[in-house]
Amino acid sequence: DDYAGSAGSLARALFEGYFGFKLGERFLILEPKLGADEGSVRLRLPVSGLVLTYDYRPGRSEKKIIFTYESNQPGPGEIRLLFPWKLFGLSGKDEAKEKIAVSRDEARFPFRWESRNQDDFIVVDTDLRKHVLEIGWGDS
């Protein structure tokens, strides 16, 4: 069926692109491109036994992002979050990047910036046990 193939391709594009799930043999990368949109994923792959959940909440009034995640993936993980500059009222210049801080479970956590074309991502290397990332102003 042409329709089933098209629906499958669209689902894969949404799943891997917009919701940002990339699974390798020994790693899991989460790269949601939700920006200023809210979203939640609850995924279970019966063949591998993999379970993944995440909840992405940009706080417009607080100008911060809360990203809660959990997986039973035993290997290392990486999270790349598309940074919504307009949500923070910033331009995306290097000086503005210095104003942003990341915490994991209420403690400051190291991160790096990655740029691709017009997009900027906050990148965090982490295990994938249950954690809460908070991205916001560095002085908060």
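**Close-up views of a predicted model**

**View 1. Strands β3 and β4 pair in the antiparallel sense over 7 bridges.** Strand β4 covers residues 50–59. Strands are DSSP runs (E, at least two residues), numbered from the N terminus. Two strands pair if DSSP finds at least two bridges between them. Val41 has Tyr54 in β4 as its bridge partner. The model is predicted: local features need pLDDT of at least 70, side-chain atom pairs count only at pLDDT 80 or more, and totals for chains, interfaces and linings use all residues. Residues are numbered from 1 along each chain as its sequence is written, and side-chain values use heavy atoms, leaving out hydrogens and water.

**View 2. An open sheet has 6 strands.** Their order is β3-β4-β5-β11-β7-β8, with antiparallel pairing. The edges are β3 (39–45) and β8 (107–108), each pairing on one side only.

**View 3. Glu134 sits in strand β11, residues 131–137.** Glu134 is partly exposed, because its relative accessible area is 28% (buried is under 20%, exposed over 50%, partly exposed in between; 1.4 Å probe, protein chains only). Ile66 is 68 residues away in sequence, yet its C-alpha lies 4.7 Å from that of Glu134. The side chains of Glu134 and Lys64 make a polar contact at 3.5 Å (a pair of N or O atoms within 3.5 Å; within protein, one must be able to donate a hydrogen and the other to accept it, and residues adjacent in sequence count only if both atoms are side-chain atoms).

**View 4. Strand β6, residues 77–82, is mostly covered.** Of its 6 residues, 6 are buried. Gly77, Ile79 and Leu81 lie on one side, and Glu78, Arg80 and Leu82 on the other. β2 (residues 28–30) runs parallel to β6, joined by 3 bridges. β10 (residues 119–126) pairs with β6 in the antiparallel sense over 6 bridges.

Key: Helices (H or I, at least four residues) and strands (E, at least two) are DSSP runs, numbered from the N terminus.
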